[in-house]
Amino acid sequence: MKLRRLVYTSHATVSLSKRDLLDLLHEARGYNMIDNISGVLMYKEGYFLQVIEGEPETIDALFIRLKKDTRHSDIKILFETPTDHRLFENWAMGCADFDDPSLSMLPGLRTDLADPKVVEELINNLPEVANFLIENLTDLQIHDPK
(Lines give C-alpha, C1' and ligand atoms only; values in the text may rest on other atoms or scores of the structure.)
Protein backbone atom coordinates (compact mmCIF):
# COMPACT_ATOMS: atom_id res chain seq x y z
CA MET A 1 0.00 0.00 0.00
CA LYS A 2 1.32 3.43 -0.93
CA LEU A 3 1.54 5.86 1.96
CA ARG A 4 2.25 9.57 2.10
CA ARG A 5 4.71 11.39 4.35
CA LEU A 6 4.17 15.10 4.92
CA VAL A 7 6.38 17.49 6.89
CA TYR A 8 5.18 20.95 7.83
CA THR A 9 6.09 23.78 10.15
CA SER A 10 3.88 26.24 11.96
CA HIS A 11 4.02 28.81 14.71
CA ALA A 12 2.04 28.50 17.95
CA THR A 13 -0.46 31.34 18.34
CA VAL A 14 -0.16 31.22 22.12
CA SER A 15 2.59 30.10 24.45
CA LEU A 16 2.11 26.42 25.28
CA SER A 17 2.71 25.10 28.76
CA LYS A 18 3.80 21.50 29.29
CA ARG A 19 0.16 20.70 30.16
CA ASP A 20 -1.09 22.36 26.94
CA LEU A 21 1.35 20.33 24.88
CA LEU A 22 0.30 17.09 26.61
CA ASP A 23 -3.38 17.91 26.01
CA LEU A 24 -2.67 18.58 22.33
CA LEU A 25 -0.80 15.30 22.04
CA HIS A 26 -3.52 13.32 23.81
CA GLU A 27 -6.10 14.67 21.35
CA ALA A 28 -3.86 14.04 18.32
CA ARG A 29 -2.99 10.52 19.41
CA GLY A 30 -6.66 9.59 19.75
CA TYR A 31 -7.55 10.77 16.26
CA ASN A 32 -4.37 9.37 14.73
CA MET A 33 -4.96 5.91 16.18
CA ILE A 34 -8.43 5.88 14.63
CA ASP A 35 -7.11 7.15 11.27
CA ASN A 36 -3.96 4.96 11.27
CA ILE A 37 -1.67 8.01 11.13
CA SER A 38 1.81 7.94 12.59
CA GLY A 39 4.39 10.64 13.14
CA VAL A 40 6.19 12.97 15.46
CA LEU A 41 5.64 16.53 16.63
CA MET A 42 8.70 18.61 17.44
CA TYR A 43 8.26 21.78 19.49
CA LYS A 44 10.74 24.50 20.37
CA GLU A 45 10.15 28.08 21.50
CA GLY A 46 6.74 28.37 19.86
CA TYR A 47 7.60 26.60 16.62
CA PHE A 48 6.25 23.24 15.50
CA LEU A 49 7.69 20.83 12.99
CA GLN A 50 5.50 17.82 12.41
CA VAL A 51 5.95 14.66 10.37
CA ILE A 52 2.74 12.77 9.56
CA GLU A 53 2.45 9.47 7.70
CA GLY A 54 -0.56 7.56 6.46
CA GLU A 55 -2.84 6.86 3.55
CA PRO A 56 -2.92 9.84 1.17
CA GLU A 57 -6.64 10.61 1.61
CA THR A 58 -6.32 10.44 5.39
CA ILE A 59 -3.31 12.78 5.37
CA ASP A 60 -5.26 15.22 3.16
CA ALA A 61 -8.19 15.20 5.60
CA LEU A 62 -5.88 15.68 8.58
CA PHE A 63 -4.09 18.58 6.93
CA ILE A 64 -7.41 20.32 6.23
CA ARG A 65 -8.22 20.01 9.98
CA LEU A 66 -4.74 21.24 10.92
CA LYS A 67 -5.14 24.37 8.77
CA LYS A 68 -8.33 25.22 10.70
CA ASP A 69 -6.72 24.72 14.11
CA THR A 70 -6.37 28.12 15.79
CA ARG A 71 -3.55 26.95 18.08
CA HIS A 72 -1.06 27.59 15.29
CA SER A 73 -0.54 29.77 12.21
CA ASP A 74 1.90 30.22 9.33
CA ILE A 75 1.52 26.59 8.28
CA LYS A 76 3.98 25.65 5.54
CA ILE A 77 4.37 22.29 3.87
CA LEU A 78 8.09 21.72 3.57
CA PHE A 79 8.22 18.22 2.19
CA GLU A 80 5.87 15.53 1.01
CA THR A 81 6.50 12.25 -0.69
CA PRO A 82 4.88 8.91 -1.37
CA THR A 83 6.49 6.13 0.62
CA ASP A 84 6.24 2.39 1.10
CA HIS A 85 7.19 2.42 4.78
CA ARG A 86 6.68 4.50 7.89
CA LEU A 87 9.53 6.07 9.82
CA PHE A 88 7.37 6.24 12.98
CA GLU A 89 5.51 2.97 12.54
CA ASN A 90 4.41 2.41 16.15
CA TRP A 91 3.79 6.05 17.09
CA ALA A 92 0.31 7.55 16.89
CA MET A 93 2.21 10.77 17.63
CA GLY A 94 5.55 11.07 19.37
CA CYS A 95 6.61 14.39 20.84
CA ALA A 96 10.04 15.93 20.97
CA ASP A 97 9.55 18.94 23.24
CA PHE A 98 12.88 20.67 22.85
CA ASP A 99 11.88 23.25 25.46
CA ASP A 100 12.31 20.41 27.98
CA PRO A 101 15.88 20.77 29.29
CA SER A 102 16.41 17.00 29.41
CA LEU A 103 15.75 16.67 25.67
CA SER A 104 17.16 19.97 24.48
CA MET A 105 20.64 18.84 25.47
CA LEU A 106 20.62 15.61 23.46
CA PRO A 107 23.75 15.58 21.32
CA GLY A 108 23.64 15.52 17.54
CA LEU A 109 20.32 17.22 17.02
CA ARG A 110 20.06 20.95 16.48
CA THR A 111 16.72 22.28 17.59
CA ASP A 112 16.28 25.81 16.26
CA LEU A 113 13.02 25.13 14.43
CA ALA A 114 12.80 28.80 13.38
CA ASP A 115 15.98 28.48 11.29
CA PRO A 116 15.22 27.31 7.72
CA LYS A 117 18.69 25.76 7.40
CA VAL A 118 18.13 23.64 10.51
CA VAL A 119 14.70 22.53 9.25
CA GLU A 120 16.15 21.66 5.84
CA GLU A 121 18.88 19.63 7.55
CA LEU A 122 16.26 17.79 9.62
CA ILE A 123 14.26 16.95 6.49
CA ASN A 124 17.31 15.88 4.50
CA ASN A 125 18.28 13.55 7.35
CA LEU A 126 14.77 12.42 8.29
CA PRO A 127 15.50 8.67 8.52
CA GLU A 128 18.48 9.36 10.81
CA VAL A 129 16.47 11.89 12.83
CA ALA A 130 13.66 9.33 13.17
CA ASN A 131 16.10 6.69 14.43
CA PHE A 132 17.61 9.18 16.87
CA LEU A 133 14.19 10.15 18.24
CA ILE A 134 13.03 6.53 18.45
CA GLU A 135 16.13 5.67 20.49
CA ASN A 136 15.98 8.71 22.78
CA LEU A 137 12.37 9.65 23.49
CA THR A 138 10.82 8.31 26.65
CA ASP A 139 7.66 6.22 26.69
CA LEU A 140 5.71 9.26 27.93
CA GLN A 141 6.86 11.24 24.89
CA ILE A 142 5.71 8.46 22.58
CA HIS A 143 2.50 7.19 24.20
CA ASP A 144 -0.16 8.55 26.50
CA PRO A 145 0.34 7.46 30.11
CA LYS A 146 -1.69 4.37 30.91
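In which strand does R5 lie? In this predicted model, R5 belongs to strand β1, which covers residues 3-12.

The protein contains six helices and five strands. Read from the N terminus, the order of these elements is β-α-β-β-α-β-β-α-α-α-α. Of its 146 residues, 47% count as buried. Among contacts with a separation of 6 or more, 81% are between residues 24 or more positions apart.

R5 has a relative accessible area of 8% and is therefore buried, the cut-off being under 20%. The side chain of R5 reaches the backbone oxygen of H85 at a distance of 2.9 Å. Leaving aside residues up to four places away in sequence, R5 touches V51, I52 and E53, and also F79, E80, T81, T83, H85, R86, L87 and L126.

Strand β2 spans residues 38-44. Seven of the seven residues of β2 are buried, so the strand is largely enclosed by the rest of the structure. In a regular strand the side chains alternate between the two faces of the sheet. In β2, S38, V40, M42 and K44 point one way, while G39, L41 and Y43 point the other way, and all are buried.

Strand β2 pairs with both β3 and β5. The pairing with β3 is antiparallel and consists of seven bridges; within this pairing, V40 stands opposite V51 of β3. The hairpin formed by β2 and β3 has two residues between the strands, and E45 in this hairpin takes a positive phi near 45°. The pairing with β5 is parallel and is made by four bridges. Here M42 stands opposite A96, and Y43 stands opposite D97. Strand β5, residues 94-97, is likewise covered on both faces: G94 and A96 on one side are buried, as are C95 and D97 on the other.

The largest pocket has a volume of about 360 Å³. Its lining is made up of 16 residues, and those nearest the centre of the pocket are E27, A28, L66, D69 and R71. Strands β1 and β3 (47-54) and helices α1 (18-35) and α2 (56-68) each contribute at least two residues to the lining. The largest share, five residues, is supplied by α1. By class, the lining comprises eight nonpolar, four polar and four charged residues.

Helix α5 covers residues 126-136 and includes I134. Is I134 buried, partly exposed or exposed? Its relative accessibility is 37%, so I134 counts as partly exposed. Not counting residues up to four places away in sequence, I134 touches L87 and W91. I134 and L87 are 47 residues apart along the chain, and their C-alpha atoms are separated by 9.3 Å. L87 is also one of the residues touched by R5.

How values were computed:
Residues numbered from 1 in each chain as written. Predicted model: local features only at pLDDT ≥ 70, side-chain atom pairs only at ≥ 80, totals over all residues. Heavy atoms only, no water. Buried < 20%, exposed > 50% of the residue type's maximum accessible area, 1.4 Å probe, protein only. Polar contact = N/O pair within 3.5 Å; in protein donor to acceptor, adjacent residues only side chain to side chain. Contact = heavy atoms within 4.5 Å. Pairing = 2+ DSSP bridges. 1 Å grid on protein atoms, 1.4 Å probe; cavity = no way out; pocket = protein on both sides within 12 Å on 5 of 7 lines; lining within 4 Å. Points joined across faces, edges and corners; volume = space filled by probe spheres on them. Nonpolar A, V, L, I, M, F, W, Y, C, P; charged D, E, K, R; others polar.
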